[in-house]
Amino acid sequence: MDKVADPKSYTAKDFASDQEVRWCPGCGDYSILNQVKKILPEIGVARENIVFISGIGCSSRFPYYTETYGMHSIHGRATAIASGLKAANPKLDVWIITGDGDALSIGGNHLIHLLRRNFNVNILLFNNEIYGLTKGQYSPTSPIGKISASTPQGSLDYPFNPLMLALGAEGTFVARSIDTNPTHLRETLLQAHNHHGASFVEIYQNCNVFNDGCFAPFSDKGIKEDHVVMLEEGKPLVFGADLNKGVTLDGFKPKIIELSNGHTPEECWIHDPTDRIKATILTQFFEYSAEPGALPRPFGLFYQEERYSYEDHMEDQLKQADDKNGAGDLDALLSGPNPWQVA
Amino acid sequence: MKATSPNEAVIFFAGDSGDGIQLTGGQFSETVEIFGNDISTFPNFPAEIRAPKGTLFGVSGFQLKLGSVKVFTPGDQYDVLVAMNAAALKTNLHQLKKGGVIIANTSGFDKKNLTLAKYENGTNPLEDHSLDNYDVHDFDVTKMTQDALVDTGMDRKEIERCKNMFVLGFVYWMFNQDLKYTINFLTDKFKSKPELADANIKVLKAGHNFADTSETFTSRFSIKPAQLPKGHYRNVNGNQAVALALVAASKKSGLGLFYGSYPITPASNILHQLSRYKNYGVKTYQAEDEIAAICSAIGASFAGNLGATASSGPGIALKGEAMGLAMILELPLVIVNVQRGGPSTGLPTKTEQADLLQALYGRNGEAPLPVFAPATPKDCFKITFMACKIALEHMTPVMILTDGYIANGSEPWQYPESKDLAEIKPPLIKERQSDDHFLPYQRDKNLVRKWAIPGIAGLEHRIGGLEKEIDTGNVSYDPDNHEQMIKIRAEKVEKVAEVFPDQTYEQGSEKSKLLVIGWGSTYGAIESAIISLKEDGHDIAHVHLRMIHPLPSNLGEILRHFEQIIVPEMNNGQLVMVLRNKFLLPIKSVTKIKGVPFTVQEIKEAILNQLRHG
Ligand SMILES: Cc1ncc(C[n+]2csc(CCOP(=O)(O)OP(=O)(O)O)c2C)c(N)n1
Ligand code: SF4
């Protein structure tokens, strides 16, 4: 099994562990696992330097299925464990696998702190707008009024907008993709990996058992065209079945224009992932509505910024201390500055 | 002038939290240590940082016993009480020996201070003859400090801050001590502001001269150096000793030290200290909460570091789930609990031993860990080092229980040389050894698994909190496998007793009349009580546990020699429960849960009471 030493000659198969995958048939998690296994041979990292850390949830079983190092930890804490792992050994290529309950409910605190610290890790948030593993309770991303196992009359809490949260927590790479678009998912994963800093990727994932079809407007042929806009750097925000619609900005207010009515794509909003204000507006394309004229849901890279990572700073401080004081001598430490002798 | 030469003396410095009491006490301690006295100290401060000036609850204290003989505790009663204000006198007078010395700053006894200290109708105890049975030296420290610095151009506030040096100079004179150590300290501390160094030194000398020239002062203590074993010494408190041991264990194992923590009294100093050791390769991480703190340490440990974390009661409660994870992962991890008064936020700056059962049993499922308990500040080094060695060599999280008393208390420590410290050999595998699939949960004769850290080709594996199949570590829900794994993990921890030194007697022997079993910071009070009773002809044995889980292998054997056993502890009877359960013996409990340590007298009485009434 271990013939591949040169990272470039890996294939997706080299990343399959010997464990039987146990998600429900038809679960969106399969697609995500497959795309991750497909990009791993491309990222140029030796298999032994890759680590997957997950919390608890259906999605968090993920590390068992990849032939890398991995830890399936406790609910909500994958981000905290990965932070210590990365700080201890910055050379490792660290991936965090988490669900909407895991990352945003019990683990919300660690997620925002990891983002502001900007550890150079990749966070894949499998958002299925439901608690899968515990059998179908509403989650922090479920829409208000969600009928679920624990909310027979509909949920009361207002949902999180994960990308807005990530931006607000000073995330330096904020993107969205979906399980049903493998090509886009692979591209997004590669971009996330290439970013130096915390990459936050929200992946819409269908839980066909407890929340089937919750992302149908963004995945189903014939519907999605009117509800999805793909973000590409330097390209206009256009969508619709024949790319007949565009988004423009009227001040800070996004507006939809019909391109058939004499408008041209050049008039549209041109996507610039380094523009934080525009990225913030983009994350607010969130109020889903079936009404014609509603804003489409954006997919792709919303925002990216270069910022020194926590572990880089940490290594710098260690080095500075070394340069200033010399490598620590244990005997000097034990005696302290004021020893005395009893003769 | 009356000079007395007792074997030991207790001095208590007390004043407002802003009066520099802790620094004064610290300087006095180090000076007498270098002179050659044995000491034991106990800082005692309020939970509020700058409690309103002059109030009873705002009094900060520093207790110190120095001796020409071995000193075990900071003492039950004071010989000398330094009171910077009325509140300091009011809250501490009851602990002063009859006829003891009071040094009082009269400017801290003005109308306002007397009212704040709740002296009825503002009567001044320095003037109403209520202190006639004491040896009172009252003078206006504030004014004399101002006089000494009148030409410096410093403002009143700055001058005010120097007044603790006047008192220190005065006390140095009383105890026949040299100013040299403190002068050097001040020169170094104010390196960048030499005018402040000069001012403080001036005031220090002024206090000393005042004592020397003034004829009213009659008491002087002359305590000879103690007969400490030959060697090199330094002063150390418990938190410092823990920090040093973590670094030492990291060096001796060749692993980096990663310390994840979230601030909490009285554990924060460990974080402060370790954050200054970056040139020793120490990585400190102030996490967003205690859960993140322990989880970051687990992550670092997975990466091949010595992962460590410390906290106190409320924080330890938060870490519980992650401890269970580390336990089932079988990764090394060091968890220090600097205990304080509980429950909940409890008494944050006071000491207690009430987290023992939490340490032993406070996790879901069957999740035993080795639990260690240092007895004194310097013992914190030895036990923490040993605990790190066991964590690393046995692939297990370990818990170390100290408390506020030994964490902040200090004593002279004959520090070791690094070459004399034991080597630490974690079961790391450096490379793939065969073509067979790596089995991360295969065990050696001590039931210890191998440690394969990310970065080694061919050893890729996944670990997790789900139950594991024997050897392979694959997820398994098999009932028999689960039961076996529970037993294997428990037995692995039990086997730690085989490498831990046998239990010995601190005092007495199997022939003694009665056995006192202690753990943690009650050590000093128990030792002193037994030594004192020996002088009265009582033969009492003392056994002090440094490891509470597993218990030392020969403990049962020791216990069976005694008909009478008592266990004093600062809780509602926790160790006694464990011992009764394990050995089925009628062991008696002696408890104190007041946020302050046992006095020697209390332990003596408990022993005599037991001897009398059986
Ligand atoms: C401390 C703790 N609380 C609760 C649980 C139960 N639990 C397991 S997974 C989960 C929610 C999972 O939802 P999500 O993170 O969205 O993952 P999914 O299963 O949908 O992939 C909960 C509540 C747990 N394992 N640990
Ligand atoms: S319950 Fe839902 S999320 Fe979980 S495995 Fe089944 S389909 Fe996937």
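This briefing describes charged pairs, a charged surface patch and cysteines in the structure above. The model is predicted. Over all chains, the structure holds 29 salt bridges and 0 disulfides. Side chains of opposite charge can pair when their charged atoms come close.

**Salt bridges in chain B**

- The side chains of E330(B) and K492(B) form a salt bridge, with an N to O distance of 2.9 Å.
- E330(B) belongs to the loop between α12 (313–329) and β13 (333–339) of chain B, while K492(B) belongs to helix α16 (residues 479–494) of chain B, so this pair ties together parts that are 162 residues apart in sequence.
- E330(B) counts as buried because its relative accessible area is 0%, and the cut-off for buried is under 20%.
- K492(B) is likewise buried, because its relative accessibility is 3%.
- Another salt bridge joins the side chains of K97(B) and D79(B), at 2.8 Å from N to O.
- This second pair links distant parts of the chain, 18 residues apart: K97(B) is in strand β6 (residues 96–105) of chain B, and D79(B) is in strand β5 (residues 78–83) of chain B.
- K97(B) is partly exposed, with a relative accessible area of 33%, whereas D79(B) is buried at 13% relative accessibility.

**Salt bridges in chain A**

- In chain A, the side chains of D250(A) and K255(A) meet in a salt bridge of 3.8 Å, taken from N to O.
- D250(A) is partly exposed, with a relative accessible area of 45%.
- K255(A) is also partly exposed, at 41% relative accessibility.
- E170(A), R276(A), E305(A) and R307(A) are joined into one network by salt bridges that share partners.

**A patch of negative charge**

- On the surface, a patch of negative charge gathers E127(B), D128(B), D132(B) and D138(B).
- One of these residues, D128(B), is found in the loop between α3 (111–116) and β7 (135–139) of chain B.
- D128(B) counts as partly exposed because its relative accessibility is 38%.

**Cysteines**

- A disulfide is a covalent bond between the sulfur atoms of two cysteines.
- The structure has 0 disulfides over all chains.
- C388(B) is therefore in no disulfide, and the nearest cysteine sulfur, that of C380(B), is 12 Å away, whereas the cut-off for a disulfide is within 2.5 Å.
- C388(B) is buried, with a relative accessible area of 0%.
- C207(A) counts as buried too, because its relative accessibility is 8%.

Definitions and conventions: Residues are numbered from 1 along each chain as its sequence is written. Chains are lettered from A and ligands numbered from 1 in the order in which they are written. This is a predicted model: local features need pLDDT of at least 70, side-chain atom pairs count only at pLDDT 80 or more; totals for chains, interfaces and linings use all residues. Side-chain values use heavy atoms; hydrogens and water are left out. Patches are made of residues with over 30% relative accessible area and no salt bridge: like charges are joined within 9 Å, nonpolar side chains (Val, Leu, Ile, Met, Phe, Trp, Tyr) within 5 Å. Accessible areas come from the Shrake-Rupley method with a 1.4 Å probe; for residues, only the protein chains shown count as cover. A salt bridge is a side-chain nitrogen of Lys or Arg within 4 Å of a carboxyl oxygen of Asp or Glu. Lys and Arg count as positive and Asp and Glu as negative; His and the chain ends are not counted. The place of a charge is taken as NZ of Lys, CZ of Arg, CG of Asp or CD of Glu. Helices (H or I, at least four residues) and strands (E, at least two) are DSSP runs, numbered from the N terminus. Buried means under 20% relative accessible area, exposed over 50%, partly exposed in between (1.4 Å probe, protein chains only).
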